[in-house]
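Good morning, and thank you for the time on today's agenda. Please look at the structure on the screen while I speak.

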Amino acid sequence: MSKVAPLDVAIIGGGFAGIGTAIRLKQKGITDFAIFERDTRVGGTWRDNTYPGAACDIPSRLYSYSFAPNPDWSHTYSGSAEILGYVESMVEEFGLRNHFRFAHTVTNLQFDEEAGLWTVTFEGRKPKVFARSVVVASGPLANASLPNIKGIDTYEGHKVHSAKWDHDYDFTGKKVAVVGTGASAVQIVPELVKQAESVKVFQRTAGWVLPRVNRRTNSVSKMLYRQFPVTESLARQAWFWGHESVALGVVWNTPLTRVVETVGKAHLRAQVKDPWLRRQLTPDFRAGCKRLLMTSDYYPALQKDNCKLITWPIATLSPKGIRTVEGIEHQFDCIVFATGFDVSKTGTPIPIVGRHGRVLSDEWSKGAYAYKSVAVSGYPNLYLTFGPNSGPGHSSALVYMEAQIDYITDAVRTVLDKNLTMLDVRRDVQDRYNADIQRRLESTTWNSGCQSWYLTEDGFNATMFPGFATQYANQLRKLDLSDFVLAKDSTKAGRRPSDRAAVS
């Protein structure tokens with residue numbers, strides 16, 4: 001059997017997180033890595049989400065890496081195609097193309113403690129890959145599936161999920177249902193009403209909607225950003241601190257929460273004149289408890305002659321459409337499910353086996369946790385991007401992700417420089433950290449009583465970070481080795497594990 005040299009780093013996922021990690025690894029002189037991507041193209045969620053109207057609700061200056069600025073954003077808020085273009089440009093600019101291994105779906109990660117290596121197993125592919133460190137950069141918005149609604153398999157019409165858009169289907173003249181009123185739905189509905197004969201929107205819970213002004217970036221600004229990069233950096237900082245101040249109104253229930261709610265209600269009154277429709281669209285929970293929706297197009301779309309809001313709960317799907325609890329059956333040519341993603345608040349997206357055969361999905365069965373969202377005790381040299389309790393309620397996910405990436409690449413560099421077989425976070429340190437996180441979450445809006453995808457069924461919050469983005473980033477500025485158990489064996493570090501240990 002031929003020997004397979006281990007990689008220094010295996011990166012799982014070729015979206016924003018995986019590409020950002022690869023860039024920072026190269027900038028720190030680490031080039032022996034591979035990015036394993038299950039698709040045949042880069043881009044992650046922005047490759048997959050191509051539904052009509054798909055866009056980011058965070059300003060582009062902030063929804064980009066500080067180490068890879070883009071002076072050419074066309075608008076304040078960019079659409080999915082432009083964001084995907086930015087992702088692809090980073091791959092070319094930083095020479096990452098040769099590091100990609102496309103069509104590689106990871107099915108198992110297993111740690112061999114004696115060798116100090118992770119074994120990476122792929123669906124339908126041999127040989128396995130061995131790596132000294134692994135970065136799971138698959139992201140929380142990677143897996144989408146149809147919701148668990150009674151009768152969904154009996155429906156005979158066309159079904160579309162927002163994250164798996166069917167561009168071959170012609171909505172012209174069709175009767176369409178949209179199930180869901182979250183961030184994707186409020187972007188899809190305004191586009192569908194332009195094309196379909198009729199659109200019915202099935203709402204379970206009204207959300208807080210704030211206006212979004214999407215200005216075009218003029219050529220003078222682009223030239224200024226390009227010739228004087230410090231101006232773009234200052235613009236990014238201005239957006240950062242503006243969003244940071246919003247935390248006072250949406251992370252905690254404060255007087256500023258009333259300000260946010262006042263803006264939302266004023267936006268609703270300005271755009272919706274019918275008192276009954278306004279009542280149906282008024283949330284019954286504090287702003288911030290669920291994700292804020294940023295759109296100036298959704299309310300006008302709901303009031304088009306060919307659009308109707310349905311607030312009766314869905315009882316079941318039928319062969320011809322949707323039956324609501326009061327007994328009415330609504331018939332459709334197509335149902336669009338804008339119902340979000342399978343976020344791993346419990347369990348793991350792929351099997352991960354750590355020290356002494358421990359299985360991470362078992363340990364996360366009641367709720368995911370990690371040390372600073374990045375590392376889990378018992379799983380040495382394994383790192384997560386956008387892991388448990390790193391979700392922002394008020395700022396850009398990339399601000400949080402960038403802090404994680406720098407921390408992770410410092411850890412990887414430490415393993416290599418010190419020739420370690422194991423860099424494993426201490427359990428007591430991890431437990432204290434998470435006890436503090438859960439204590440702080442108790443006073444946040446997310447734990448104030450509403451149901452959201454942030455929480456498990458029993459109310460455990462494995463998703464959000466209870467504080468400012470600056471607080472989150474500051475805790476990751478330094479890799480403190482006293483938080484970890486280190487193991488070094490110069491005779492075994494980097495050795496290929498036994499065939500027995502590599503079998504999943």
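I shall discuss a pair of helices and then a sheet.

Please bear in mind throughout that this is a predicted model.

I begin with the helices. Helix H1 covers residues 16–27, and helix H3 covers residues 80–93. Their axes lie 10 Å apart, and the two helices pack at an angle of about 25 degrees. Angles under 35 degrees count as roughly parallel, and therefore H1 and H3 are described as roughly parallel to each other. As for the handedness, H1 and H3 cross in a left-handed manner.

Which residues of H1 and H3 meet? On the H1 side they are Phe-16, Ile-19 and Ile-23. Their partners in H3 are Ile-83, Tyr-86, Val-87, Met-90 and Val-91. Sorted by class, the residues in this contact between H1 and H3 comprise eight nonpolar ones, with no polar and no charged residues.

I now turn to the sheet. It is an open sheet of three strands, arranged in the order E13-E14-E15, and the pairing is antiparallel. Which strands form the edges? They are E13, at 314–317, and E15, at 329–331, and each of these pairs on one side only. On average, neighbouring strands of the sheet are turned by 25 degrees against each other, if direction is ignored.

Finally, consider how E14 and E15 are joined. Strand E14 spans residues 321–324, and three bridges connect E14 to E15, the two running antiparallel. Within this pair of strands, Gly-321 stands opposite Gln-331 of E15.

Thank you for your attention.

Methods:
Residues are numbered from 1 along each chain as its sequence is written. This is a predicted model: local features need pLDDT of at least 70, side-chain atom pairs count only at pLDDT 80 or more; totals for chains, interfaces and linings use all residues. Side-chain values use heavy atoms; hydrogens and water are left out. Axes are lines fitted to C-alpha atoms, for helices over the stretch in contact, and angles run from 0 to 180 degrees between N-to-C directions. Helices (H or I, at least four residues) and strands (E, at least two) are DSSP runs, numbered from the N terminus. Angles under 35 degrees count as roughly parallel, over 145 as roughly antiparallel, 65 to 115 as roughly perpendicular and the rest as oblique. A crossing is left-handed if the near helix is turned anticlockwise from the far one by less than a right angle, and right-handed if clockwise. Contact means heavy atoms within 4.5 Å. Ala, Val, Leu, Ile, Met, Phe, Trp, Tyr, Cys and Pro count as nonpolar, Asp, Glu, Lys and Arg as charged, and the others, Gly among them, as polar. Two strands pair if DSSP finds at least two bridges between them.
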